[in-house]
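Student: I would like a close look at one part of this model. Please keep it brisk.

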Amino acid sequence: KEDFPKGYYRRGAAYLALGRTKDAMKDFMSVCKLAPNDKDAREKLKHCQKQVQQEKFAKAIGCEKTKPLSQIIDVNTMIVDTSYAGPSYKTGACTAEFCKELMEHQKQEKTIARKFAYQIVMDMIELLKSSSTLVDIDVPEKG
C-alpha cells in the first residue's frame, strides 16, 4: 500500500540492517512524507543520509590518485641508468658495507639511483609496519 507508513518503516529498517542504505533512505523519506511527526523515522533518515554521504566521500577519495605512492609504485620496473657507478642496494640487504659505500658516494656529492632510494624507503616502511609502536624501557634510578 502506498499510504502505509508502517510498511515503509519496517522495510527501511530491514534495508538498513542489510546495509542497503540508499534503499532504506528512500523508504524513510516516504515515512517522513506520510507521517511528518514521526521522530524515529526522521532520525533514521538523518542516519541514512549521513551514511550515504560518508560512502560518497570514501568513494571520492578512494581512487588510485589518493593512494600512498608506497602502495602504487613498482620498484622492480624501475631502470638504473647504465652510467650509474654508485652503490647498489638489494631489497632486504642493508649491510654495513653498503652503508659505508653509500656514505662515501654522498661525500663526493653524488646521488644514489632512484630505484635504490625507493627500495630503501620501501624496506623501511615494511620494517616500521612490522615493529611495535610502543616499547618499555627500564631506566636505572641513577640515570
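Student: What covers the buried residues of α5?

Tutor: The cover includes α6 (114-130). Cover here rests on contact, meaning heavy atoms within 4.5 Å. First, the ground rules. This is a predicted model: local features need pLDDT of at least 70, side-chain atom pairs count only at pLDDT 80 or more, and totals for chains, interfaces and linings use all residues. Residues are numbered from 1 along each chain as its sequence is written, and side-chain values use heavy atoms, with hydrogens and water left out.

Now the helix itself. Helices (H or I, at least four residues) are DSSP runs, numbered from the N terminus. Helix α5 takes in residues 96-107, twelve residues. At 1.5 Å a residue it should span 16 Å, and its end C-alpha atoms are 16 Å apart, which agrees. That expected span is 1.5 Å times one less than the number of residues.

Next, its faces. Phe98, Leu102 and His105 are the buried residues of α5. Seen down the axis, they fall within an arc of 65°, so they line one face of the helix. The arc is that of the directions from the helix axis to the C-beta atoms. On the other side, Ala96, Glu97, Lys100, Met103 and Lys107 are exposed. Buried means under 20% relative accessible area, exposed over 50%, and partly exposed in between (1.4 Å probe, protein chains only).

Met124 is found in α6. Met124 is partly exposed, at 43% relative accessible area.

How values were computed:
Helix = DSSP H or I, 4+ residues; strand = E, 2+ residues; numbered from the N terminus.
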